[in-house]
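Hello,

Here is the structure I promised to pass on to you. Please open it and keep it beside this email while you read.

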Amino acid sequence: MAGGILSILIFLSFFTILQVVVQIIRQQKHLEDETLRKIVDTTIKDEDNYDAAIAHLGICEKCQKRLEEISLE
Ligand SMILES: [Zn+2]
């Protein structure tokens, strides 16, 4: 029974952490055109905050749309 409660607690804290992470990424500024272009051209490097850019792109419809527009140019 104790194991069941522990699983629920682990699940709840995981969910809370996940929400905080999503919030932090959401609050991040939108990606620069230059960054989006680098993603399209696959010339983006680690120093361009590649991971953060991809994470932001994963949840931001606005930047996804702009990335699509840039790739069509
Ligand atoms: Zn964005």
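**What I found**

Just after helix H2, Thr42 takes a positive phi of about 50°. Helices here (H or I, at least four residues) and strands (E, at least two) are DSSP runs, numbered from the N terminus. Thr42 sits in the loop between H2 and H3, and its positive phi belongs to a residue other than glycine. With 6 C-beta neighbours inside 10 Å, Thr42 counts as exposed. Here is how that word is used: a residue is buried if 20 or more other C-beta atoms lie within 10 Å of its own, exposed if 12 or fewer, and partly exposed in between, with C-beta atoms placed from the backbone.

Before you go further, two notes on how to read the model. Residues are numbered from 1 along each chain as its sequence is written. This is a predicted model: local features need pLDDT of at least 70, side-chain atom pairs count only at pLDDT 80 or more, and totals for chains, interfaces and linings use all residues.

**The whole protein**

How many helices and strands does the protein have? There are four helices and zero strands, in the pattern α-α-α-α along the sequence. The radius of gyration is 17 Å, well over the 11 Å that the globule rule gives for 73 residues, so the protein is more spread out than a compact globule. That radius is taken over C-alpha atoms, and the globule rule is 2.2 Å times the number of residues to the power 0.38. Along its principal axes, the C-alpha trace spans about 60 × 25 × 20 Å. Buried residues make up 8% of the 73 residues.

Two residues are in contact if their C-beta atoms, placed from the backbone, lie within 7 Å. Among contacts between residues at least 6 apart in sequence, 64% join residues at least 24 apart.

Which residues of H2 (residues 33–40) are buried? They are Thr35, Leu36 and Ile39. These three cover an arc of only 100° around the axis, which puts them on the same side of H2; the arc is that of the directions from the helix axis to the C-beta atoms. On the other side of H2, Asp33 and Glu34 are exposed. The buried residues of H2 pack against helix H3 (50–59) and helix H4 (61–72).

H4 itself is hardly covered, since the count of buried residues among its 12 residues is zero. From its first C-alpha to its last, H4 reaches 17 Å, close to the 16 Å expected at 1.5 Å a residue; the expected span is 1.5 Å times one less than the number of residues. Ile70 lies in H4 and is partly exposed, with 16 other C-beta atoms within 10 Å. Leaving aside neighbours within four places in sequence, Ile70 is in contact with Asp33, Leu36, Arg37 and Val40. Ile70 and His56 are 14 residues apart in sequence and 17 Å apart in space, C-alpha to C-alpha.

Now look at Gln28, in the loop between helix H1 (2–27) and H2. With 15 C-beta neighbours inside 10 Å, Gln28 counts as partly exposed. Leaving aside neighbours within four places in sequence, Gln28 is in contact with Ala52 and His56. The C-alpha atoms of Gln28 and Thr42, 14 residues apart along the chain, are separated by 22 Å.

**How confident is the prediction?**

The protein averages a pLDDT (the predictor's confidence in each residue, from 0 to 100) of 88, and 95% of the residues score at least 70. Confidence is lowest in H1, at a mean of 86, and highest in H4, at 95. Where pLDDT is low, the predicted coordinates should not be read in detail.

Best wishes
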